[in-house]
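User: Could you take a close look at the loop residues here, and then follow on to the place where the domains meet? I'd like one connected account, please.

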Amino acid sequence: MMTYDILIVGSGGAGLYAALESRMEEELQVGVLTKVYPTRSHTGAAQGGVNAALANLDETDTWQDHWFDTVKGSDYLADQDAVEIMTREAPMVVREMEHWGCPFSRTDEGKIAQRPFGGASKPRACYSADKVGHVMLHTLYEQGIRHGVNFFNEWLALSLLHDGKRCQGVTALNIQTGRVHTIRAKAVILATGGHGRIYWTRTSNALGNTGDGTAMAYRAGLPIKDMEFIQFHPTGLRRTGILVSEGARGEGGYLLNGLGERFMSRYAPEKMELGPRDLVSRSCETEVREGRGGPDGEVFLDLTHLGADRIKERLPQIRELCIEFEGVDPINEPIPIKPTAHYSMGGIHTDLNGQTPIEGIYAAGEAGCVSVHGANRLGGNSLLDILVFGKRTGRHALEFARNNDLVPLGMDQEKADEAMIAAMMAGTSGDSVADIRRAMGELMAEKVGVYRNAKDLESAVDTLAELQERLGRVRVQDKNRAFNTELVSALEMKNMLDLAEVVTVGALARQESRGAHTREDHPERNDQAWLAHTLATRGGDGKPKLEFNPVTITQFEPQARTY
């Protein structure tokens, strides 16, 4: 049985930063388990920027401004003590990335370049053209190799193990061999990213964003928080949902409806295209619903006035994606776009150090919910979240592992996981994974999307239960164990259906509109009844049980959000 002091599940920005912080003690064994090669993690898809009040472009910017912007953007559901930590520490972690060699774009004076982003009062998004996540991910991975972090590439975590009080480790599938292993660990950090792929046909997320760590924690009895809040990014490519960075609007892009009108003047007359994402996505959807969209239910992002040189310098990847996937060159014509499921504000419930209610089990990044994003995340804060709380979580896990011993661990869960896989492999007459996945994605996009109502949500809950039953009879046609991608897809499908149910049940329970959660039958924000976090735990019947926790308010009393 393999044994580690600290095992990190997930190799994106949060996992890698946690690994680096954990390796400060050379005698501790630190491993990173990841189902993809680390540089293919979804952090690499982030395009626009990472927020920090460096005041390089606007000398009046402060971390306190950033703090308020984030709380306001969250529709006052973010815990303000957590947001204070994130925004106060932002300049330090960004400069640490710079010192490690991260190639940020530069001003004429040689400072880190910053651009405006949605919902921000000052231009504070530090960028590297339109691929800042890519350069950050490679920088962190290089540092991990330099400092001797052990990587388990192409391993899929299956179950989280604990004795009710303390962490024991995980079980995981070695995708290369098809064997299930138990890995003991004093501490486990879950950093597996979000679960946007539950909207399979309408998302900007990578294929691997199936919520594995969050689903593992949920099945292990840990609470997961604020799962109903799914951010739809306003500018996904029309056909694929591939992201068009907010940086395109930060550089001065216009949003146009099918009539050629710059429609954001109706919804955010001051901020216009740089309103927060929840507001801009609803505005795009409203234009289409009211008959002012394009022929395929789209609106348009116009960059033509920026000129060829600026687009090629600042937005080269965006241009390439538009040409490849839409046949449109943004130098010459507007980009057809639709809102696309992009980010999961909810995740595994943690404290300010990433600690869950079980000692030694942590979560960080999009998989965790320390609640710095509340009901709506500001652009540029996700990369910041993974840096600040990846670092804090790694540091706390280091202290825990240094001062605690391993907990005894049996092989029962490994045997149970082997039996589950054997049952999947034995099926000959059930549904295919692809059929179930397609049905789930279409259901979530249609009934648990930008706009929601009780009738659709109740119907979605019932349909998801039917899909769970169908998954129990799933047919895995590939009977080989080595590199069985169909088996991996079936295991990911189990995770996605578990989380889709929690998202939908939470959305049905929350009878108000707040941030990214918009109920047509409850169109107003209701602070008296719903200024609270939703906590979901798995009941004995396998269904989510909900309770509610108060929001931490330290500085900014809730007020109406206007932009």
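**From loops to the domain contact**

E154 sits in the loop that joins β6 (150-153) to β7 (155-162). Please keep in mind that this is a predicted model. The phi angle of E154 is positive, about 65°, although E154 is not a glycine. Is E154 buried, exposed or partly exposed? E154 counts as partly exposed because its relative accessibility is 34%, and that class lies between the 20% limit for buried and the 50% limit for exposed.

A55 is not a glycine either, yet A55 has a positive phi of about 60°. Its place is the loop between β3 and α2 (63-73). With a relative accessible area of 18%, A55 is buried, since buried means under 20%.

S41 belongs to the loop that runs between β2 (30-34) and β3 (50-51). S41 is buried because its relative accessible area is 10%, and the cut-off for buried is under 20%. What surrounds S41, once its neighbours within four places in sequence are left aside? S41 is then in contact with S11, G12, V36 and L137.

On to the domains, then. The domain assignment gives domain 1 (233-341) and domain 2 (427-527). Their centres, taken over C-alpha atoms, are 28 Å apart. Seven residues from domain 1 and six residues from domain 2 take part in the contact. Together the domains bury about 520 Å² between them, with 54% of that on carbon and sulfur atoms.

One salt bridge is counted between domain 1 and domain 2. R289 forms a salt bridge with E520, and the closest N and O atoms are 2.6 Å apart. Helix α7 (residues 277-289) gives the most to the side of domain 1 that touches domain 2, contributing six residues. By type, that side of domain 1 has four charged, two polar and one nonpolar residue.

Key
Residues numbered from 1 in each chain as written. Predicted model: local features only at pLDDT ≥ 70, side-chain atom pairs only at ≥ 80, totals over all residues. Heavy atoms only, no water. Helix = DSSP H or I, 4+ residues; strand = E, 2+ residues; numbered from the N terminus. Buried < 20%, exposed > 50% of the residue type's maximum accessible area, 1.4 Å probe, protein only. Contact = heavy atoms within 4.5 Å. Domains from an automatic or database assignment. Buried area = accessible area lost by both parts, 1.4 Å probe. Salt bridge = Lys/Arg side-chain N within 4 Å of Asp/Glu carboxyl O. Nonpolar A, V, L, I, M, F, W, Y, C, P; charged D, E, K, R; others polar.
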